[in-house]
Amino acid sequence: MTDTAQTLLTVEDLSVRIGQGATGIVAVDGVSFDVRQGEVLGIVGESGSGKSVTLRTILGLGDRNRKVSGAIHWQGSDLLGMSKRHVRALRGREIGVVFQDAMTALNPVATVGAQIQDTLKRHTQMTASARRERVLELLRLVGIADAEARANDYPHQFSGGMRQRVMIAIALAAEPKLLLADEPTTALDVTVQDQILRLLLRLRDELGMSVVLVTHDLGVVAETCDRVAVMYAGRIVECGPVDEIFRRPRHAYTLALLNSIPAGGRSARKLNSIAGMLPKGVNRAPGCIFAPRCSHATAMCHSLSTPLVAIDDGHKTACLHHSVLPMPHAPS
């Protein structure tokens, strides 16, 4: 993937407010990023950072009692300005999605083969026989053995990892250009997690597909992503190439996340944690949103606004003290 790769998705100053009045919260606050053809973009942060809300807003999904502002462009077309019918037509055909919990996302009373066929009926002009062959092809593609028999099984007859593979097969049925994967390996054991991640990378290479991978696991980001956007309390606080950010994070929150990863080997190093709690909604007070929990914060951090600014080619941060932050702890 090069810098000249075509940009498929552009999100500009996206904000999502859920609810009204004093009970309402700003779940996403001024988020901007793009996704290029053939790349894997990771979106990482603690639970409640706004990662999943961002993905669901791109898809036109979510609570009706919400207000969305900003812009989302898919290959030049304004998704927020499209009718619901046109957005539904794009979902599955050009933009596929894998949700976090396959057991609740899949229909428990329909076979997996029937559920894949539903997507093919909706988004392709295939004949019935061609659809049946495509179902088997997709099941084999995602590594499900004995596809002929398994196509007639129901979701409860599959393990957690196999259900995630079925979800990926459904998402790939119409050969989308972009796959949105929302915590696809959560609650899976490490062996199955590794298999799913390797599968996504193989499919990216074979199909030329782009992937947006939402996760709270920095290890997953390190293994799979080209670029990463770090979210905190509804905002992107740092973004850039994965190797560069892991080697030299330029936001105190990213640094704290990296330092909270348990050390391997025989190290007796104390496990670091981030003090305090993620704020509910978005704090609109002046200053850095992370300042109340930040061990590097100064008086300026609590009073000056901290927009996302470019510091290197392709690397942006919203930290006033990015140039003097220490290096992350070296792994053991």
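A residue is called buried here when its relative accessible area is under 20%, exposed when it is over 50%, and partly exposed in between (1.4 Å probe, protein chains only). The model is a predicted one, so to speak of local features a pLDDT of at least 70 is needed, side-chain atom pairs count only at pLDDT 80 or more, and totals for chains, interfaces and linings use all residues. Residues are numbered from 1 along each chain as its sequence is written, and side-chain values use heavy atoms, with hydrogens and water left out.

Starting with the overall picture, the protein chain carries 12 helices and 12 strands, taken as DSSP runs numbered from the N terminus (helices: H or I, at least four residues; strands: E, at least two). Its radius of gyration is 21 Å, close to the 20 Å that the globule rule gives for 332 residues, so the chain is as compact as a globular protein of that length. That radius is taken over C-alpha atoms, and the rule is 2.2 Å times the number of residues to the power 0.38. The C-alpha trace spans about 70 × 50 × 40 Å along its principal axes. Of the 332 residues, 48% are buried. Among contacts (heavy atoms within 4.5 Å) with a separation of 6 or more, 67% are between residues 24 or more positions apart.

Next, the surface. The accessible surface of the protein chain comes to about 16,000 Å², and carbon and sulfur atoms own 51% of that; areas come from the Shrake-Rupley method with a 1.4 Å probe, and for residues only the protein chains shown count as cover.

Now for the inside. In soluble globular proteins, nonpolar side chains tend to be buried together. A nonpolar core is a set of buried Ala, Val, Leu, Ile, Met, Phe, Trp, Tyr and Cys residues joined through side-chain atoms within 4.5 Å. The largest one has 63 residues, and Ile 116, Ile 168, Tyr 232, Tyr 253 and Phe 290 have the most contacts inside it. Helix H7 (residues 160-172) supplies the largest share of this core, seven residues. A second, separate core of 28 residues includes Val 31, Ile 58, Ile 72 and Leu 178. Back at Ile 116, and not counting residues up to four places away in sequence, the partners are Val 135, Leu 138, Leu 139, Ala 169, Ile 170 and Ala 173.

Val 142 belongs to the loop between H5 and H6 and counts as buried, at 0% relative accessibility. Beyond four places in sequence, Val 142 touches Arg 165, Ile 168, Ala 169 and Leu 199. Leu 172 is 30 residues from Val 142 in sequence and 9.6 Å away in space, C-alpha to C-alpha. Leu 257, in helix H11 (residues 252-259), is buried as well, at 11% relative accessibility. Leaving aside neighbours within four places, Leu 257 is in contact with Leu 218, Val 230 and Ile 274. Ala 105, by contrast, lies 152 residues from Leu 257 in sequence and 30 Å away, C-alpha to C-alpha.

Finally, a word on the backbone. Most residues other than glycine have a negative phi. Gln 75, in the loop between strand E4 (66-74) and strand E5 (77-78), has a positive phi near 50 degrees. Asp 146 has a positive phi too, near 55 degrees, and is found in the loop between helix H5 (128-141) and helix H6 (147-150).
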